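Me: Could you take a close look at one part of this model for me? I would enjoy a connected walk through a pair of strands and the helices around them.

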Amino acid sequence: MFIGAINEKLRKYFWTHAHMLEGRKCYIGCSGNFTVEQILSQRCKDVEIYSNDVSLYSSAIGHAIAACKLNVEITDPEILWAQKYIDRGGPEMVATFLLLLEMFQYVKRNNDYQERMWQTYLAQWEKIFTKTVDKVNRSIERISIKEYTMIDVHDYFPRTDGVVIGFLPTYVGGYEKLFQKLDESVKWKSPQYDILTTERREATIKRMTEGDYVLYDDVKRELPCIAQCTLYGKRAVYIYSNILFKTGLFRRKVSETVKHYKLLMPKDDIAEDSEVRLLISDTNTVNHYRHLFLSKKIEPTGGDLSILVFAGDQLFGFLIFSGYSKSKGVKDNSIYMLSDFVVLSKYKRLSKLLLMVSKCHEVQKLLQEKYIRRVDTIITTAFTKQPVSMKYRGLYELHKRGEGFLNYKTGFDDTSIKEVTKIWMKRFSNSIPHSKK
């Protein structure tokens, strides 16, 4: 129900072993979305739970659970209408914040889609608010805490009379960035605390480990590790503790589906008049071909849209897109291409044909239909230490140079997908079959 970031597999692990904390006092620093509190409340019959956090979002939840009043005043003229819902306090305040956080994704209203989404929230507010309050109530009923406080987590630890539990923000100013728009829109008696820099975070963890502790982290440490989860496309996460939990290890697992498409084989030619066509597929099907044609060092990541590309009736290329990713610099009218790869063939620059296809207006149409918004730019990443990527050079523009990676971008052009093969044959002379050289 609430917004959180604790890995699903490690949540299940903690659920299974929460009974190890039966009869203990548990002090949770950085309660966040109250995941730990929810598990302990449901799994332990005799446990005292003390929660602590400094963010407005978490404090609203904490005050609602503890049935305490929290005074918040909206200062943003655009959402003054929401004050009456916040003034109700408790679950109604939490539901209001949850919906405002959703709405703030569209607050800039830079395009028609964002404008429609913003107006839809306004028009349907009463209906979705009532449903959200019901969900919040059901979640809160499952949580029981002894006390909620708003103390700098560094000063909150240690608590030597019980077990300290925490998942500290993993990047500087984590809370501030996550809830920035909400904090800018209201006025409340916020607690005093120092930004959790890397040094202060390490000092806080050191204070945690002075007594019994359970630490959830994404850093490899010289501490007793009771659980580890490593998934493709995500950072490894760990649970450390000096309490004798049973250990757990969750490894990468990639699901795949085998569908028998006719592939372009190393001996096959692509005729100049071959019709290039697109077929929307699913992640599991593409995963099968990733295993065949991509390096094992490349970790697969699931996108929102997978496209198979055929020349005639032969499958030769794969495109995988993701709708939005701030971390990769994707803007409102852009799309991120997670992966593009081709089969093994006699053609030296077959990948150029695939990239030319990615720029066609037919692909642009598919993307716009999928994401229900305007898409005019593709952004992708080449992981290389070289100054340029020869694969993208000439078709995509170098957008950003970083440590070990290059970001490329391109707009769409007017080339029809029917014309692409002919243009590719003429433009890239090295793309003719090696046997004809």
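Reply: Five bridges join strand 1 to strand 2, and the two run parallel; strands count as paired if DSSP finds at least two bridges between them. Before going further, please keep in mind that this is a predicted model, in which local features need pLDDT of at least 70, side-chain atom pairs count only at pLDDT 80 or more, and totals for chains, interfaces and linings use all residues. Residues are numbered from 1 along each chain as its sequence is written, and side-chain values use heavy atoms, with hydrogens and water left out. Helices (H or I, at least four residues) and strands (E, at least two) are DSSP runs, numbered from the N terminus.

Within this strand pair, C26 stands opposite I49 in strand 2. Strand 1 is largely enclosed by the rest of the structure, because four of its five residues are buried; buried means under 20% relative accessible area, exposed over 50%, and partly exposed in between, with a 1.4 Å probe and protein chains only.

Now to helix 2. Its buried residues are T35, V36, E37, Q38, I39 and L40. The cover over these residues includes strand 1 (25–29) and strand 2 (48–52), together with helix 1 and strand 5 (163–166).

Two packed helices are described by the angle between their axes and the distance between the axes. Here the axes of helix 1 (residues 8–17) and helix 2 (residues 35–43) come within 9 Å and cross at roughly 30 degrees. That makes helix 1 roughly parallel to helix 2. For the terms: axes are lines fitted to C-alpha atoms, for helices over the stretch in contact, with angles running from 0 to 180 degrees between N-to-C directions; those under 35 degrees count as roughly parallel, over 145 as roughly antiparallel, 65 to 115 as roughly perpendicular and the rest as oblique.

Which residues make the contact (heavy atoms within 4.5 Å)? From helix 1 come R11, F14, W15 and T16, and these meet T35, V36, I39, L40, Q42 and R43 in helix 2. By class, this contact of helix 1 with helix 2 has five nonpolar, three polar and two charged residues. Ala, Val, Leu, Ile, Met, Phe, Trp, Tyr, Cys and Pro count as nonpolar, Asp, Glu, Lys and Arg as charged, and the others, Gly among them, as polar.

So, to bring the picture back together: helix 1, strand 1 and strand 2 are among the elements that cover the buried residues of helix 2.

Conventions:
Contact means heavy atoms within 4.5 Å.
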